[in-house]
Amino acid sequence: MYTVRLWSVRHARGLASFYKGFEGVLNRLHPLFQRVGYQRLERPVAAVERQVKGLLFDCKMCGRCVLSSSGMSCPMNCPKQLRNGPCGGVRANGNCEVKPEMRCVWVEAWRGAERMPGGLDAIRQLQPPVDRRLEGTSAWLRVVREKNGGPA
């Protein structure tokens, strides 16, 4: 899993481009999603999202995905779950102070952000704390609802 997570950061530009297109498709499906009902779609879509994002990013399904703002490195993989940059304990070699065998999630996030158009601006944006009520829910569906004027 860790190796794939690092691969995703190295390929952040391509993954960001893919997601932009994927998000466009999801937005075009909004009328259908409304007819079927977002609540009915939540479980199956969240299950697919968990598999895809779990494989590629070791996603923890926080419900408020910031991969596009963190260089395709999921900040929820940080042992301290920091959403706005590294702690003061990053080792000189870039590894985590809590898990010394692991690269700091934010060191990797910065590398991924450098590869993405607008990534360095995005990574500097302050992220709100995780809303624990959203854990396990589909960030994909939430984004579509929000972009189409619906409730989060």
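Colleague: Which exposed residues sit on the face of H2 turned away from its buried side?

Modeller: Ser 17, Phe 18, Lys 20 and Arg 28. Bear in mind that this is a predicted model.

Colleague: And which residues of H2 are buried?

Modeller: Ala 12, Leu 15, Ala 16, Glu 23 and Leu 26. They cover an arc of only 95° around the axis, so they lie on the same side of H2.

Colleague: What do those buried residues pack against?

Modeller: Helices, namely H1 (2–10), H3, H4 (38–57), H5 (105–115) and H7 (139–147).

Colleague: How does the span of H2 compare with what its 17 residues should give?

Modeller: The two agree. At 1.5 Å a residue, H2 should span 24 Å, and its end C-alpha atoms are 24 Å apart.

Colleague: Let's move to the cores. Which residues make up the largest nonpolar core?

Modeller: Eleven residues in all. They are Ala 12, Leu 15, Ala 16, Phe 57, Cys 62, Leu 67, Met 72, Cys 74, Met 76, Met 116 and Val 130. Helix H2, residues 12–28, gives the most to this core, with three residues.

Colleague: What is Leu 67 in contact with, beyond its neighbours within four places in sequence?

Modeller: Lys 53, Phe 57, Met 72, Ser 73 and Cys 74.

Colleague: What about the second core?

Modeller: That one is separate and has eight residues, including Phe 33, Val 45, Leu 141 and Val 144.

Colleague: Is His 30 buried or exposed?

Modeller: Buried, because its relative accessibility is 9% and the cut-off for buried is under 20%. His 30 belongs to helix H3, residues 30–36. Not counting residues up to four places away in sequence, His 30 touches Tyr 38, Val 144 and Asn 148.

Colleague: New topic, pockets. What volume does the largest one have?

Modeller: About 490 Å³. The lining of the largest pocket has 21 residues. Tyr 19, Lys 53, Cys 65, Leu 67 and Trp 140 lie nearest the centre of that pocket.

Colleague: Which helix supplies the largest share of that lining?

Modeller: H7, with six residues. H2, H4 and H7 each supply at least two residues.

Colleague: How many cavities of 30 Å³ or more are there?

Modeller: Four. The largest cavity holds about 100 Å³ of space.

Colleague: Which residues lie nearest the centre of that cavity?

Modeller: Cys 78, Pro 79, Cys 87, Cys 96 and Cys 104. They are among the 17 residues that line the largest cavity.

How values were computed:
Residues numbered from 1 in each chain as written. Predicted model: local features only at pLDDT ≥ 70, side-chain atom pairs only at ≥ 80, totals over all residues. Heavy atoms only, no water. Helix = DSSP H or I, 4+ residues; strand = E, 2+ residues; numbered from the N terminus. Buried < 20%, exposed > 50% of the residue type's maximum accessible area, 1.4 Å probe, protein only. Contact = heavy atoms within 4.5 Å. Core = buried A, V, L, I, M, F, W, Y, C linked by side-chain atoms within 4.5 Å. Expected span 1.5 Å × (residues − 1). Arc of directions from axis to C-beta. 1 Å grid on protein atoms, 1.4 Å probe; cavity = no way out; pocket = protein on both sides within 12 Å on 5 of 7 lines; lining within 4 Å. Points joined across faces, edges and corners; volume = space filled by probe spheres on them.
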